[in-house]
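Here is a short report on a single protein model.

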Amino acid sequence: MIDDKKVLFSGMQATGNLTIGNYLGALKNWVNICDEYECFYSVVDLHSITVRQEPAVLRKRARELLTLYIAAGLDPDKNCIYYQSHVPAHAELSWILNCYTYMGELNRMTQFKDKSAKHADNINAGLFTYPILMAADILLYQADVVPVGIDQMQHLELARDIAERFNGIYGDVFTIPEIYMGKVGRKIMSLQDPTKKMSKSDENPNGSIYLTDDTDTVIRKFKRAVTDSGSEILYSDDKPGIKNLIDIYCAITDKTTKEAEKEFDGKGYGDFKLAVGEAVADCLKPIQERQKELLGDKAYVDGIIKNNADKAGYYAAKTLRKVQKKVGFPERVR
């Protein structure tokens with residue numbers, strides 16, 4: 001705990017264009033809960049290089065992501081928003097935790113298998129040990145809760161296992177993190193294939209709404225969204241296309257599924273898709289405008305980067321020193 005508040009950690013990779021799935025499943029929830037916790041929100045650029053990146057592009061996207069956090073509503077004076085690569089303790093703790101993680105545990109990680117299939121020409125050791133770096137991210141800040149998507153739950157369970165193993169050997173060193181699941185927007189599906197998760201790497205650009213899409217693009221994509229047989233707007237597993245659109249609409253407007261069904265009772269799919277598109281576009285426009293302002297204010301953003309890296313580094317160093325002492329490393333002379 002910090003100042004009597006529980007600690008929350010989360011982060012996103014600075015790769016690709018974020019979708020409304022990323023916003024509704026993560027960012028919007030972060031904003032809604034940030035006053036309840038002492039929050040650390042990282043741009044996890046160390047994780048990004050498990051796949052080859054163009055250096056200039058990675059730097060640009062990292063800055064865009066950091067400013068997007070702020071534009072979406074995270075106050076950098078109340079939340080620690082920082083680059084993972086600016087806090088060396090992440091990599092240092094990751095190495096130590098490597099030595100307390102078993103090969104069999106890593107072999108069971110399904111995301112490694114999925115990513116290996118997608119990047120068969122670059123199956124590197126970092127891709128394999130990615131979950132250990134994620135564990136280090138979380139445990140460095142003694143996080144009590146970690147908001148995760150369904151695809152990351154296996155990694156968080158491994159982080160808990162590593163922490164419990166370390167604590168079992170050396171005593172009470174790490175807080176055991178709990179999973180925090182947002183109430184809405186947990187899993188937004190593709191507009192073109194509602195059986196698949198919306199992805200920033202979707203080969204079909206019409207399947208995803210990107211946070212950088214302008215109003216016309218958003219409306220056009222929703223008009224082309226796949227729906228289902230029949231004409232009723234009902235929230236049902238038998239109607240995955242409509243169910244996904246209702247999920248998006250409710251997550252954007254904070255309405256319940258019953259309220260959405262009642263609002264569009266008797267209306268056709270065309271009217272419904274247009275209404276969802278307009279709601280999304282209206283939500284994205286102020287975020288886009290605020291991000292543009294931030295990207296134009298270099299001095300302000302640079303100040304946030306420095307101050308929050310210092311803050312993250314302070315708390316990370318406290319945990320790292322404790323771990324180093326426990327495993328027997330010589331004390332550093334300062």
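The expected span of a helix is 1.5 Å times one less than its number of residues. Keep that rule in mind for the first helix below. Note also that this is a predicted model.

**Helix α8**

Helix α8 covers residues 153-170, which makes 18 residues. At 1.5 Å a residue, α8 should therefore span 26 Å. The C-alpha atoms at its ends are 26 Å apart, so the two values agree. Which residues of α8 are buried? They are His155, Leu156, Leu158, Ala159, Arg160, Ile162, Ala163, Phe166 and Asn167. Gly171 follows α8, and its phi is positive, near 100°.

**Nonpolar cores**

In soluble globular proteins, nonpolar side chains tend to be buried together. In this model, the largest nonpolar core has 62 residues. Those with the most contacts inside that core are Ile20, Leu27, Tyr41, Tyr69, Phe222, Ile248 and Val280. Helix α12 (residues 269-295) supplies the largest share of this core, with eleven residues.

Leaving aside residues up to four places away in sequence, Phe222 touches Ile20, Leu191, Ile209, Leu245, Ile248, Lys273, Val276, Gly277 and Val280.

There is also a second, separate core of 40 residues. Among its members are Phe9, Met134, Ile138 and Leu139.

**A buried asparagine**

Asn244 sits in helix α10 (residues 240-253). Is Asn244 buried or exposed? Its relative accessibility is 2%, so Asn244 counts as buried, the cut-off being under 20%. Beyond residues up to four places away in sequence, Asn244 touches Ile188, Met189, Ser190 and Leu191.

**Aromatic pairs**

The whole structure holds 15 aromatic pairs. Two of them are set out here.

| Pair | Centre to centre | Angle between planes | Type |
|---|---|---|---|
| Phe9 and Tyr141 | 5.9 Å | 5° | stacked |
| Tyr314 and Tyr315 | 5.0 Å | 80° | edge-to-face |

Notes. Residues numbered from 1 in each chain as written. Predicted model: local features only at pLDDT ≥ 70, side-chain atom pairs only at ≥ 80, totals over all residues. Heavy atoms only, no water. Core = buried A, V, L, I, M, F, W, Y, C linked by side-chain atoms within 4.5 Å. Buried < 20%, exposed > 50% of the residue type's maximum accessible area, 1.4 Å probe, protein only. Helix = DSSP H or I, 4+ residues; strand = E, 2+ residues; numbered from the N terminus. Contact = heavy atoms within 4.5 Å. Phe/Tyr/Trp six-rings, centres within 6.5 Å; stacked < 30°, edge-to-face > 60°.
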